[in-house]
Amino acid sequence: AAHKHLAQFAPLMLEPSNLGNDEPELRQVCVYGINQVAKHAPQYFGQQCQQALQQCVQIVTAANASDDENVFVTENAVSALGTIAVGHAAPADQPQLLALWLSKLPLREDEEEARVVHCQLADWREQGNPHLLANRPRVLEIVTQLREKKSAELTSSSTLARLGRFA
């Protein structure tokens, strides 16, 4: 049902004035929307991929990305970056994008998004994503950090067990 409204709302999510807005809540909603379109409307997203990707990279690499007022925006952008990298990016860009994505994990503040992203990491490892397999040391570091935190809020025990199989 939401697909019929994409043409109207997707440009608003990608609008630089919204993603650069002073209100973190608006930026977070826009980035979350980008991620949802990338996941659930790939036929539409292809047209917007490069712009969305550039904006997500800009958000996660900003000097103030981890500031309190930006951390939820950043963690949603990290989630979108992973979705775009695996599902939409050119194969030649995937190694660099997934390396950036992995460098921002584990997510620590947005518990809901953290659970989703850490499960994605386990899914993509199990699917044998070659770029994640090539970054095995970083994946193991993420697993160790999640175990040390004993963070039931950040990942389920089943996801942590799935990730632990790569140790």
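## Glutamate 126 and its arginine partners

Glutamate 126 and arginine 162 form a salt bridge, with 2.9 Å between the closest N and O atoms. A salt bridge here is a side-chain nitrogen of Lys or Arg within 4 Å of a carboxyl oxygen of Asp or Glu. Glutamate 126 sits in helix 8 and arginine 162 in helix 11 (residues 157-164), so the pair ties together parts that are 36 residues apart in sequence. Helices are DSSP runs of H or I, at least four residues long, numbered from the N terminus.

Glutamate 126 also meets arginine 165 in a salt bridge, at 3.4 Å from N to O. Arginine 165 lies in the segment after helix 11, so this pair ties together parts that are 39 residues apart in sequence.

Glutamate 126 is partly exposed, at 41%. Arginine 165 is exposed, at 59%. The cut-offs are under 20% for buried and over 50% for exposed, with partly exposed in between (1.4 Å probe, protein chains only).

## Basis of the model

This is a predicted model: local features need pLDDT of at least 70, side-chain atom pairs count only at pLDDT 80 or more, and totals for chains, interfaces and linings use all residues. Residues are numbered from 1 along each chain as its sequence is written, and side-chain values use heavy atoms, leaving out hydrogens and water.

## A pair inside helix 10

The salt bridge count is four. One of them joins arginine 138 to glutamate 141, with the closest N and O atoms 2.9 Å apart. Both residues lie in helix 10 (residues 136-149), three residues apart, about one turn of the helix. Arginine 138 is buried at 17%, and glutamate 141 is partly exposed at 41%. Elsewhere, salt bridges with shared partners join Asp123, Glu126, Arg162 and Arg165 into one network.

## A negative patch

Asp67, Asp68, Glu69, Glu109, Glu111 and Glu153 form a negative surface patch. Patch residues have over 30% relative accessible area and no salt bridge, and like charges are joined within 9 Å. Asp and Glu count as negative, and each charge is placed at CG of Asp or CD of Glu. Glutamate 109 lies in the loop between helix 7 (94-103) and helix 8 (111-126). Glutamate 109 is partly exposed, at 43%.

## Threonine 74

Threonine 74 belongs to helix 6 (residues 71-87). Threonine 74 is buried, at 9% relative accessibility. Beyond its neighbours within four places in sequence, threonine 74 contacts Ile59, Val60 and Ala65. Contact means heavy atoms within 4.5 Å.

Conventions:
Helices (H or I, at least four residues) and strands (E, at least two) are DSSP runs, numbered from the N terminus. Patches are made of residues with over 30% relative accessible area and no salt bridge: like charges are joined within 9 Å, nonpolar side chains (Val, Leu, Ile, Met, Phe, Trp, Tyr) within 5 Å. Accessible areas come from the Shrake-Rupley method with a 1.4 Å probe; for residues, only the protein chains shown count as cover.
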